[in-house]
Amino acid sequence: QVQLVESGGGLVPAGGSLRLSCAISGTIFSINYMGWYRQAPGKERELVAIVTNGGSTNYVDSVKGRFTISRDNAKNTIYLQMNSLQPEDTAVYYCNARKIRSGVSYDYWGQGTQVTVSS
């Protein structure tokens, strides 16, 4: 099992910054991908950013150049640095860990942290 605990959400004005953290524990050695998703009211959950075991990253187009995902293996923590926040970034942000075994994906989720950007 994998346990994920997010922190760092809050209320910021447009143009502001926040840094989300996700502490990971459990059987983490077999995780293939780590990432951040978000879900705004009335919308489906969407992938925001992902980092692989090899350190490769990928972002949804709407956050490229503004958000940065990183990982600290010594602390078993991943981060999402969010700059130039806009009201459309308002959502609950979820940390995700994915294991892939024999072609089957196993997803683990944190409890979510609210990010609210005021206009």
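## The cavity and its lining

By class, five nonpolar, two polar and one charged residues line the largest cavity. Here Ala, Val, Leu, Ile, Met, Phe, Trp, Tyr, Cys and Pro count as nonpolar, Asp, Glu, Lys and Arg as charged, and the others, Gly among them, as polar. This is a predicted model, in which local features need pLDDT of at least 70 and side-chain atom pairs count only at pLDDT 80 or more, while totals for chains, interfaces and linings use all residues. Residues are numbered from 1 along each chain as its sequence is written, and side-chain values use heavy atoms, with hydrogens and water left out.

Which residues line the largest cavity? They are Y33, M34, G35, Y37, L47, I50, N96 and R98. The whole structure holds one cavity of 30 Å³ or more, and the volume of the largest cavity is about 30 Å³. A cavity is a set of points, on a 1 Å grid over the protein atoms alone, where a 1.4 Å probe fits but cannot get out; lining residues have an atom within 4 Å of a point. Grid points are joined across faces, edges and corners, and the volume is the space filled by probe spheres set on the points.

## Strand β4 and its partners

Let's turn to the strands around that cavity. Two or more lining residues come from each of β4 (33-39), β5 (46-52) and β9 (91-101), and β4 gives the largest share, four residues. Strands are DSSP runs (E, at least two residues), numbered from the N terminus. Is β4 largely enclosed or open? Five of its seven residues are buried, so β4 is largely enclosed by the rest of the structure. Buried means under 20% relative accessible area, exposed over 50%, and partly exposed in between (1.4 Å probe, protein chains only).

β4 pairs with β5 in the antiparallel sense over six bridges, where two strands pair if DSSP finds at least two bridges between them. Within this pairing, W36 has A49 of β5 as its bridge partner. The hairpin of β4 and β5 has six residues between the strands, and G42 there takes a positive phi near 75°. β4 also pairs with β9, again antiparallel, over seven bridges; Y33 stands opposite R98 in β9.

## The four-stranded sheet

An open sheet is formed by four strands in the order β1-β3-β8-β7, with antiparallel pairing. Its edge strands, β1 (2-7) and β7 (67-72), each pair on one side only. From one strand to the next the twist averages 15°, with axes fitted as lines to C-alpha atoms and angles running from 0 to 180 degrees between N-to-C directions.

Inside the sheet, six bridges join β3 (residues 18-26) to β8 (residues 77-82), and the two run antiparallel. S21 stands opposite Y79 in β8.

## Two residues up close

N32 sits in the loop between β3 and β4 and counts as partly exposed at 23% relative accessibility. N32 and R98 are 66 residues apart in sequence, yet their C-alpha atoms are 5.8 Å apart. Leaving out residues up to four places away in sequence, N32 touches T52, N53, R98, K99, I100 and R101; contact means heavy atoms within 4.5 Å.

T113 belongs to strand β11 (residues 113-118) and is buried, with a relative accessible area of 11%. With residues up to four places away in sequence again left out, the contacts of T113 include E6, L20 and Y93.

Notes. On a 1 Å grid over the protein atoms alone, a cavity is a set of points where a 1.4 Å probe fits but cannot get out, and a pocket is an open set with protein on both sides within 12 Å along at least five of seven lines; lining residues have an atom within 4 Å of a point.
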